[in-house]
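Subject: Structure handover and findings

Dear colleague,

Please find the structure below, followed by an account of what was found in it.

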Amino acid sequence: MGIFSIFYHKHKSHLMDLSYILNELGEERASYFNAVAPPIMQTSNFACRRVDDMRKLFENEYSGYLYSRGLNPTVDILRKKLAALDDAEDCLVFNSGASAIYAAVTANVSAGDHIVSVSKPYTWAQKLFNDLLPRFGVNTTYVDGTAIEHFERAVLPNTKIIYLETPNSWNFALQDLAAVAELARAEGILTICDNSYCTPIYQKPLGLGIDLSLQSATKYIGGHSDVVAGVLCGTTAMMQKIFDNEFGTAGLGVTPFHAWLLIRGLRTLPMRLQKISENTRQVLHFLKAHPKVEDILFPFDESFPQYGLAKKQMQGACGLLSFYLDVKKIEDIVTFCESLKHILMAVSWGGYESLIIPGCASVKEKDYDITKKSQRMLRLYVGQEEPEYIINDLSQALNNI
Ligand SMILES: *Cc1c(COP(=O)(O)O)cnc(C)c1O
């Protein structure tokens with residue numbers, strides 16, 4: 001397919017690649033007054049000079065600019081960069097990570113089909129599998145993704161998709177991407193991986209044989225807690241199939257302004273991940289040594305059960321970790337969270353600010369049960385503040401209980 005694939009390059013040196021992708025790929029500065037930063041093409045529609053041009057766009061809207069629910073030049077700059085980062089032929093950018101999941105899955109199933117999903121994927125993926133798809137005759141089996149045999153046993157003759165999320169953003173459970181991809185290929189099953197935790201900087205699912213890689217761009221790509229968006233990467237044929245159906249029908253595309261913010265976010269992505277990695281290392285060190293911390297989950301920690309696999313398929317890990325407090329009652333966890341002076345109690349992650357979510361916020365107060373490990377869990381996002389600022393805040397809050 002024309003305009004997009006011209007910009008698809010295979011680069012050689014990784015460092016060169018990354019700078020080229022982030023600085024130049026997709027940018028056509030000469031066509032907009034040599035502006036260094038790209039324009040926001042804030043238009044709903046595009047004019048045609050000739051009837052024949054309009055006819056071609058009506059025949060195939062994926063071939064050019066007709067209407068911004070479809071393609072838009074600012075969004076295209078972003079698409080080229082995101083596809084290249086994932087080593088993908090093509091990419092679509094969505095108005096949320098959830099809509100990227102929705103489109104990737106629904107485009108590839110029909111009534112009577114079956115999905116195998118790793119257990120406990122992102123909440124809205126679970127809602128799709130549990131509540132929405134069964135109304136259309138599509139059912140899902142969840143498997144513990146830590147062993148390949150679990151996938152082998154769950155596959156049925158009508159299985160169309162294996163859905164993965166590695167690492168999981170709560171418990172960081174991994175799936176062996178190369179092994180699942182091999183199994184799926186042999187059975188003619190499509191594989192989809194939610195790569196929000198790693199971003200393509202730290203993990204490239206397509207390089208390991210996965211068919212579709214998706215991310216919540218709300219997290220690290222946006223990087224400033226101010227955009228909700230999603231990315232889906234794969235072949236041009238698959239992107240066109242989704243564009244022609246789910247993407248256009250439900251109007252799932254990102255707006256030009258949000259695309260512009262995401263291009264801006266991409267410029268500093270590698271640097272932000274580096275800073276967050278260094279902060280995470282220091283926070284992990286502090287928490288591991290603290291007597292009130294019972295246990296820690298982080299994929300690049302040597303004590304992590306799947307540390308070997310993490311090192312094998314991921315180039316890095318940072319930001320998100322979970323820990324358990326050694327306390328006698330849930331109220332102590334509430335006190336800890338409410339004593340934090342700088343770390344914000346909030347969902348999401350990937351921005352500047354460190355954030356925390358207590359597991360006990362998911363249960364009613366009358367159901368508090370200290371013997372349940374999931375209620376003692378805290379998920380921390382280590383942001384980009386100075387490490388002492390984060391550690392001092394955790395320390396004073398721990399001293400309060
Ligand atoms: C946040 C998130 C999503 C959903 O993305 P939104 O941009 O919030 O719609 C999907 N998967 C994971 C792992 C996430 O953390």
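**An enclosed helix**

Helix α5 (residues 97–106) has eight of its ten residues buried, so this helix is largely enclosed by the rest of the structure. Buried means under 20% relative accessible area, exposed means over 50%, and partly exposed lies in between, with a 1.4 Å probe and protein chains only. Helices here are DSSP runs of H or I with at least four residues, strands are runs of E with at least two, and both are numbered from the N terminus. The buried residues of α5 are G97, S99, A100, I101, A103, A104, V105 and T106. At the start of α5, the backbone nitrogen of A98 has a side-chain oxygen of S96 within 3.3 Å.

**Basis of the model**

This is a predicted model, in which local features need pLDDT of at least 70 and side-chain atom pairs count only at pLDDT 80 or more, while totals for chains, interfaces and linings use all residues. Residues are numbered from 1 along each chain as its sequence is written, and side-chain values use heavy atoms, with hydrogens and water left out.

**Two helix pairs**

The axes of helix α4 (residues 73–85) and helix α11 (residues 256–267) come within 8 Å and cross at roughly 40 degrees. That makes α4 oblique to α11. Axes are lines fitted to C-alpha atoms, for helices over the stretch in contact, and angles run from 0 to 180 degrees between N-to-C directions. Angles under 35 degrees count as roughly parallel, over 145 as roughly antiparallel, 65 to 115 as roughly perpendicular, and the rest as oblique. The crossing of α4 and α11 is left-handed; this term applies if the near helix is turned anticlockwise from the far one by less than a right angle, and right-handed applies if clockwise. On the α4 side, T74, V75, I77, L78, K81, L82 and L85 meet P256, A259, W260, L262, I263, L266 and R267 of α11. Contact means heavy atoms within 4.5 Å. Sorted by class, the contact of α4 with α11 has eleven nonpolar, one polar and two charged residues. Ala, Val, Leu, Ile, Met, Phe, Trp, Tyr, Cys and Pro count as nonpolar, Asp, Glu, Lys and Arg as charged, and the others, Gly among them, as polar.

In the second pair, helix α12 (residues 269–289) packs with helix α16 (residues 387–399) at an angle of about 30 degrees, their axes being 9 Å apart. The two helices α12 and α16 are therefore roughly parallel to each other, and α12 passes α16 in a right-handed crossing. K275, N279, Q282, V283, F286 and L287 of α12 make the contact with P387, I390, I391, L394, S395 and L398 of α16. Eight nonpolar, three polar and one charged residue form this contact of α12 with α16.

**Buried residues and their contacts**

S354 is found in the loop between β10 (344–345) and β11 (355–358) and is buried, with a relative accessible area of 1%. A polar atom of the S354 side chain lies 2.8 Å from the backbone nitrogen of G383. Not counting residues up to four places away in sequence, S354 touches I343, L344, Y381, V382, G383, E385 and I390.

T191 belongs to strand β5 (residues 190–194) and counts as buried at 1% relative accessibility. With residues up to four places away in sequence not counted, T191 touches I162, V180, A181, A184, G209, I210, D211 and L212.

V327 is placed in the loop between β9 (320–325) and α14 (330–339). This residue, V327, is buried, with a relative accessible area of 12%. Leaving aside neighbours within four places in sequence, V327 is in contact with D332, I333, I370 and I401.

**Backbone geometry**

Most residues other than glycine have a negative phi, and most peptide bonds are trans. Between T166 and P167 there is a cis peptide bond, with omega about -10 degrees; P167 is in the loop between β4 (159–165) and α8 (177–187). F172, also in the loop between β4 and α8, has a positive phi near 65 degrees and is buried at 0% relative accessibility. S348, in the loop between β10 and β11, has a positive phi near 75 degrees and is partly exposed, with a relative accessible area of 27%.

Yours sincerely

Definitions and conventions: A polar contact is a pair of N or O atoms within 3.5 Å; within protein, one must be able to donate a hydrogen and the other to accept it, and residues adjacent in sequence count only if both atoms are side-chain atoms.
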